[in-house]
Amino acid sequence: MTDIAGADTSGAVTRGVRAVLRLEGLALFIGMTLLYYIWDGDWWIYGLLFFVPDLSFAAYLSGPRFGAMIYNAAHSYLAPMAMMTTGLGTASPLILSIAMIWLAHIGFDRALGYGLKYETGFSFTHLGRIGKSAN
């Protein structure tokens, strides 16, 4: 029988799994940034667009449920991977550049421990609690 008395019930990953997910985020950030460099993208565009997904924070003004939904949509791999596929299929440098920057942003956030959000509030993520109350 497994002892679950000490198990984390927050819905967040812990220990080794958390470390692997954060390392994957770091690899994604480095990989997409390196690919953007090799692609010879304009760095002012990279700097301008890198934090655009964080504008999704504003959705929290409408409450934690809506905020989490919008934040997670902007920080999920689904849309930028669809853009990457579309950009490759249509040979569109603009679409590819935006997808690389967006994926780099998501990787950066995940490497720092900012995961997808739960409806309970901004500080509750799939990678664990963030912010002052995380301790």
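Visitor: What share of the 135 residues of the protein chain counts as buried, and what makes a residue buried?
Guide: Of the 135 residues, 37% count as buried. Buried means under 20% relative accessible area, exposed means over 50%, and partly exposed lies in between, with a 1.4 Å probe and protein chains only. Please keep in mind that this is a predicted model: local features need pLDDT of at least 70, side-chain atom pairs count only at pLDDT 80 or more, and totals for chains, interfaces and linings use all residues. Residues are numbered from 1 along each chain as its sequence is written, and side-chain values use heavy atoms, leaving out hydrogens and water.

Visitor: Why is Ser97 called buried?
Guide: Ser97 has 11% relative accessibility, so it counts as buried under the 20% limit. You will find Ser97 in helix H5, residues 93-111.

Visitor: What makes the pair Ser97 and Trp39 a polar contact?
Guide: Their side chains are joined at 3.2 Å. A polar contact is a pair of N or O atoms within 3.5 Å; within protein, one must be able to donate a hydrogen and the other to accept it, and residues adjacent in sequence count only if both atoms are side-chain atoms. The 3.2 Å pair therefore meets the 3.5 Å limit.

Visitor: Which residues does Ser97 touch?
Guide: Leaving aside residues up to four places away in sequence, Ser97 touches Tyr36 and Trp39. A contact means heavy atoms within 4.5 Å. For the protein chain, residues 24 or more positions apart account for 58% of the contacts with a separation of 6 or more.

Visitor: How many helices and strands does the protein chain have, and how are they defined?
Guide: The protein chain has five helices and three strands. Helices (H or I, at least four residues) and strands (E, at least two) are DSSP runs, numbered from the N terminus. Read along the sequence, the pattern is α-α-α-α-α-β-β-β.

Visitor: How do you know that S1 and S2 pair?
Guide: Two strands pair if DSSP finds at least two bridges between them. S1 and S2 are joined by two bridges and run antiparallel, so they qualify as a pair. Tyr118 has Gly121 in S2 as its bridge partner, and the two strands form a hairpin with two residues between them.

Visitor: What joins S2 to S3?
Guide: Two bridges join strand S2, residues 121-125, to S3, and these strands run antiparallel. Phe124 stands opposite Arg129 in S3, while Thr125 has Gly128 in S3 as its bridge partner. A hairpin of two residues links S2 to S3.

Visitor: In what order do the three strands form the open sheet, and why do S1 and S3 stand at the edges?
Guide: The order is S1-S2-S3, with antiparallel pairing. Strand S1 (117-118) and strand S3 (128-129) each have a single partner strand, so one side of each is left without a neighbour in the sheet.

Visitor: What makes Glu119 and Arg65 a salt bridge?
Guide: Their closest N and O atoms are 3.6 Å apart.

Visitor: Are Glu119 and Arg65 exposed or partly exposed?
Guide: Glu119, at 49% relative accessibility, counts as partly exposed. Arg65 has a relative accessible area of 60%, so it is exposed.

Visitor: Which residues make the nonpolar surface patch?
Guide: Leu34, Tyr37, Ile38 and Trp43 make the patch of about 480 Å². Patches are made of residues with over 30% relative accessible area and no salt bridge; like charges are joined within 9 Å, and nonpolar side chains (Val, Leu, Ile, Met, Phe, Trp, Tyr) within 5 Å. Helix H1, residues 15-38, gives the most to the patch, with three residues.

Visitor: What is the phi of Asp40, and where does Asp40 lie?
Guide: Asp40 has a positive phi of about 65 degrees although it is not a glycine. Most residues other than glycine have a negative phi. Asp40 lies in the loop between H1 and helix H2 (43-49).

Note on methods
Accessible areas come from the Shrake-Rupley method with a 1.4 Å probe; for residues, only the protein chains shown count as cover. A salt bridge is a side-chain nitrogen of Lys or Arg within 4 Å of a carboxyl oxygen of Asp or Glu.
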